[in-house]
Amino acid sequence: MTREMLDRKIRQLHDEILVLDSLVEQAALDAIQALKRQDLEAAQKIYHNDRVINARRFELENDCMITIATQQPIMATDLRQVASILEVVGELERMGDYAKGIARICLRIGKQPHIKPIVDLPRMAEIAVGMLHRAVAAFVSLDVNEAQAIPQDDDQVDELYQRIYRELIHIIRENPETIDQANLLMWAAHNLERMADRVTNICERTIYVATGQMKEIDVTDDEDLSQ
Amino acid sequence: MDKFVIEDLTVQYSDGAESLRQISMAIPANSITVLFGPAGGGKSTLLRTLNRLNDLADVVRISGKVRLFAADGSSVEVLDRRTDVIALRRRVAMVFARPIVLPLSIYQNLSYALEMAGERRKPVLDQAVERSLRKAALWEEVKDRLQDPAAALSGGQQQRLCLARSLALEPEVILLDEPTSGLDPISTNKVEESLQELKQNYTIILVPHSIQQAARTADQAAFFLQGDLIEYRPGKEIFLNPQDRRTKDYIEGRFG
């Protein structure tokens, strides 16, 4: 087996993942900023840029397939590595969709005045993107300790999510006319909450590549009704 | 840039069997071109046609054109009877499946051909020996025992010695006919790695010993079946998404 060539290929795939990840991180942060500032032009751009993320995902998947076909990573860490890259790429693409969803929410709300100041959502986005950044770095460097630590931060995201939820319910009760926008903001929060959950999946993959153990990382129950 | 351009090449052996039928293909310089397919497909015949080793075989009919290009764009017609075969084989070297070392020292195995070619200066020979051993990734293993008999080397080392020997004459093309078929995985790995290095400066045409090796090494790959060239495309395309049903069946292990 041409070890060197396979190693080079995997390094290349890792680089491509880092690029894809930075696109996703940027899209999520930009989407929340656009929502906060009601910047419809920016939201429009983020919405369309999701195509770039999707195209990169397919490219990366294709590169994985070529690596499997030509370099035959058929055993042990190599196989787990390439199979997990496929998985992580899928997770990143879905997170890109969440960012796109937030951009769409921004467009739907348009210029109507916000029913509450957008403060907790940017905080949520910051934490979720921070988790994502660390998780992808841990994945490419196979840092198991880091991968085990990151999901703990999900508690903060869940807490913010619960707070936003309660606040929005309160606003709806006070003034039922706010229900449309409240519902949209709830979705934005939900998207960020899901994003952080998917970070945990990336961490699980890191542990799997390094140890061969496939196990779920338990985080506190977030009462996610969609599951 | 194309190193070889082959047009309508047909080779027929004396038993009447056509070993190659109207093969046309261009082989680019500075890359690894792999010829693969089941036994009897014509891969070795093509390889042996490229430096006229078939002159010695029982070939009754050979037709078509094989042109070998130099860096300056000039070309020679390989099949032309007037072509200087010795000069051709200096440009187009061959490494066989089984390492055939000369019953001489490691050093002499490498200097022999140069001495035959008239080179007598010790420093020039020393340099050529070291350079070719380095290129074949063997230098570190033998530098302290160059005077030992080559036959004492392991199989993998002997094969790399043969590769080094072909490099000593500074060829432009290296033909390899299942060069790792008798080697262990570690030695195979070393040979494959040196090929990846060598392709920067040489044109490499390889008949691999397995389909896996074909996939690993090929920049472009040609699938041969019973004398016909079925499919010839970049390696990453042909092994992931073969276009011809027969290529696909062979790659997937349905026959061969």
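Reader: Where does the charged end of A:Arg80 sit?
Author: Over the ring of A:Tyr208, 5.8 Å from its centre. "Over" means that CZ of Arg or NZ of Lys is within 6 Å of the ring centre and within 35 degrees of the ring normal. This is a predicted model, where local features need pLDDT of at least 70, side-chain atom pairs count only at pLDDT 80 or more, and totals for chains, interfaces and linings use all residues. Residues are numbered from 1 along each chain as its sequence is written, chains are lettered from A and ligands numbered from 1 in the order written, and side-chain values use heavy atoms, without hydrogens and water.

Reader: And A:Lys100, which ring does its charged end sit over?
Author: The ring of A:Tyr47, 5.0 Å from the centre.

Reader: Switching to ring pairs. How many aromatic pairs over all chains?
Author: The structure holds 5. Rings of Phe, Tyr and Trp (its six-membered ring) pair if their centres lie within 6.5 Å; planes under 30 degrees apart are stacked, over 60 edge-to-face, the rest tilted.

Reader: Why is the pair B:Phe36 and B:Tyr250 tilted?
Author: The planes are at 35°, so the pair counts as tilted; the centres are 6.2 Å apart. B:Phe36 lies in strand E3 (residues 32-36) of chain B and B:Tyr250 in helix H10 (residues 245-251) of chain B, so the pair ties together parts 214 residues apart in sequence. Helices (H or I, at least four residues) and strands (E, at least two) are DSSP runs, numbered from the N terminus.

Reader: Is B:Phe36 buried or exposed?
Author: Buried, with a relative accessible area of 3%. B:Tyr250 is buried too, at 15%. Buried means under 20%, exposed over 50%, partly exposed in between (1.4 Å probe, protein chains only).

Reader: Which residues do ring pairs link into a cluster?
Author: B:Phe36, B:Phe223, B:Phe239, B:Tyr250 and B:Phe255.

Reader: Now the sheet. What is the strand order in chain B?
Author: E2-E1-E4-E5, an open sheet of 4 strands with antiparallel pairing. Two strands pair if DSSP finds at least two bridges between them. Strand E2 (18-28) and strand E5 (75-77) of chain B have a single partner strand each, so one side of each lacks a neighbour in the sheet.

Reader: How many bridges join E4 to E5(B)?
Author: 3, between E5(B) and strand E4 (residues 59-69) of chain B. B:Leu68 stands opposite B:Val76 in E5(B).

Reader: Last one. What follows H3(A)?
Author: A:Gly110, whose phi is positive, near 60°.
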